[in-house]
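Here's a quick briefing to read alongside the model. Have a look at the fold first, then work through the points below.

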Amino acid sequence: MGQYIMQAAGQPDNPEAIRGIAVAALLGACLIHGLWRNGGIVLNNVLAIIKILTLMAVIIIGFAVAGGASFGNGPIGRNAVKENFNTRKSFSRPSDDAGSYARSIVYVVYSYSGFKQPFYVLSEVSHPKKRFAKATIGTMFLIAVLFILANVAYLCAVPKDRVLGDELDMANIFFRDVFGNETAPRVMSGIIALSIFGNIVVMTFTASKVKQEIAKEGILPFSLHFARSTTTPYAWLKRRFWRTDGGPLEQSPAMALALHGVFAVILVAATSSNTPSIAYIVLVLLYGYTLVVLVGFAVASGVLYLRFSKKREWTDHLGFKPWGGPTAAIIYSCTCAFMIVGVFIPPGETSPFSYATTGVRHYIVPIVGLCMLLVGYSYYFVFAKLIPRLIKKVLVVEREPIIVRQGDRQDGEWVQILEVVEFWWAARQADIKEARN
């Protein structure tokens, strides 16, 4: 985001300012959600609309250029279409670089990783049972179509060889070539910066919810502080100075947001030895490899194990039959397995992922991702297994959900409005029973 803002300002070569903007954006997103939760949701929706409109504009302009239209730089589309969509030349130099293929797929999967975010915030959705499935399927279909058409639109205006040899991203090259000036790509950089900030806003909101749920299991230091939701300053001021209906005040996971902000800044600082563009590539690959590929492989493989395990009798309790049976889980687990292994294959010397281009060895990021996962498992093992054996106590977690009908209607859906969490260390089973009584 910082890099695009500086490009829009006409000062792209300022790494200190770029990192400063990155930190400000990360902490600003945390403050927005902490001060006014609904305001953060509204901001995210506005930025999402801007992103959709931008994609649609790129698609329309690209296809118009392919048809011979000119936006200030002449009819450049016909030559690009002739070169890019020539079936005799498009695959004339196929690559056998498996390492680059694996990394490219990780970045593609990362682009669609947002489909998981609604799962973390279903408590914020009105009538989730009715709306969630339709909204998720419809949104994924819309985004897939827009992403594919946007890439086709790029190729309608920009020759492939120019893209491979340019330091700018595809969108900036597209606008520079279509409009024939330097103002258009600077405007596009500003729009991309807004889009990236939208990603930061939504990821901050969902990530804080995840951290809050982890804290509710009692396995973090000061878990009760991170598990607690607090009344937002906006809600307090609204109750103080404006008339309200007397309902529950708006709350946000303030401490979980603070925890997320601290670790986000640490990641920015940890990659400060690289240029901002290389640091972004490393962080995206780290996120994609760890949270999308490794976790995705574990989840898909776990679903397959439950599906085919006769001892579990999992299918008897499903209550529904997914389309295609286990086909989706099989395809996803196989794809993730390829990416897990493939990123360890050295990319070719001419690859954009090579050491000569990035300055980062090909095995560094996947090893860091695997180590992070291993550290998480080790921490959980020590806390949940080793410490109880040493102190001869067991951690007891009591979670009492408060569930009401939505809208106080007799036919409203049952929704959870809050949860009371308590945990303590009990010496033996008798102590657990006594404490619960």
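**Fold and contacts**

Of the contacts (heavy atoms within 4.5 Å) that link residues at least 6 apart in the protein's sequence, 69% are between residues at least 24 apart. Keep in mind that this is a predicted model, in which local features need pLDDT of at least 70, side-chain atom pairs count only at pLDDT 80 or more, and totals for chains, interfaces and linings use all residues. Numbering starts from 1 along each chain as its sequence is written, and side-chain values use heavy atoms, with hydrogens and water left out.

**Overall picture**

- The protein has 19 helices and four strands, taken as DSSP runs numbered from the N terminus (helices are H or I with at least four residues, strands are E with at least two).
- Along the principal axes, the C-alpha atoms fill a box of roughly 80 × 55 × 45 Å.
- Buried residues (under 20% relative accessible area, with a 1.4 Å probe and protein chains only) account for 33% of the 437 residues.

**The cavity**

- Searching the whole structure turns up one cavity of 30 Å³ or more; a cavity here is a set of points on a 1 Å grid over the protein atoms alone where a 1.4 Å probe fits but cannot get out.
- The largest cavity has a volume of about 120 Å³, meaning the space filled by probe spheres set on the points.
- Its lining residues (an atom within 4 Å of a point) include Arg103, Tyr107, Phe353, Arg361 and His362.
- Helices α6 (98-111) and α15 (276-308) each supply at least two lining residues, and α15 gives the most, with three.

**Two buried spots**

- Val58, in helix α3 (residues 37-66), counts as buried because its relative accessibility is 1%.
- Beyond four places in sequence, Val58 touches Ala150, Ala153, Tyr154, Phe174, Phe175 and Met188.
- Ser208, in helix α11 (residues 183-215), is also buried, at 0% relative accessibility.
- Setting aside neighbours within four places in sequence, Ser208 is in contact with Pro253, Ala256 and Leu257.

Technical notes
Buried means under 20% relative accessible area, exposed over 50%, partly exposed in between (1.4 Å probe, protein chains only). On a 1 Å grid over the protein atoms alone, a cavity is a set of points where a 1.4 Å probe fits but cannot get out, and a pocket is an open set with protein on both sides within 12 Å along at least five of seven lines; lining residues have an atom within 4 Å of a point.
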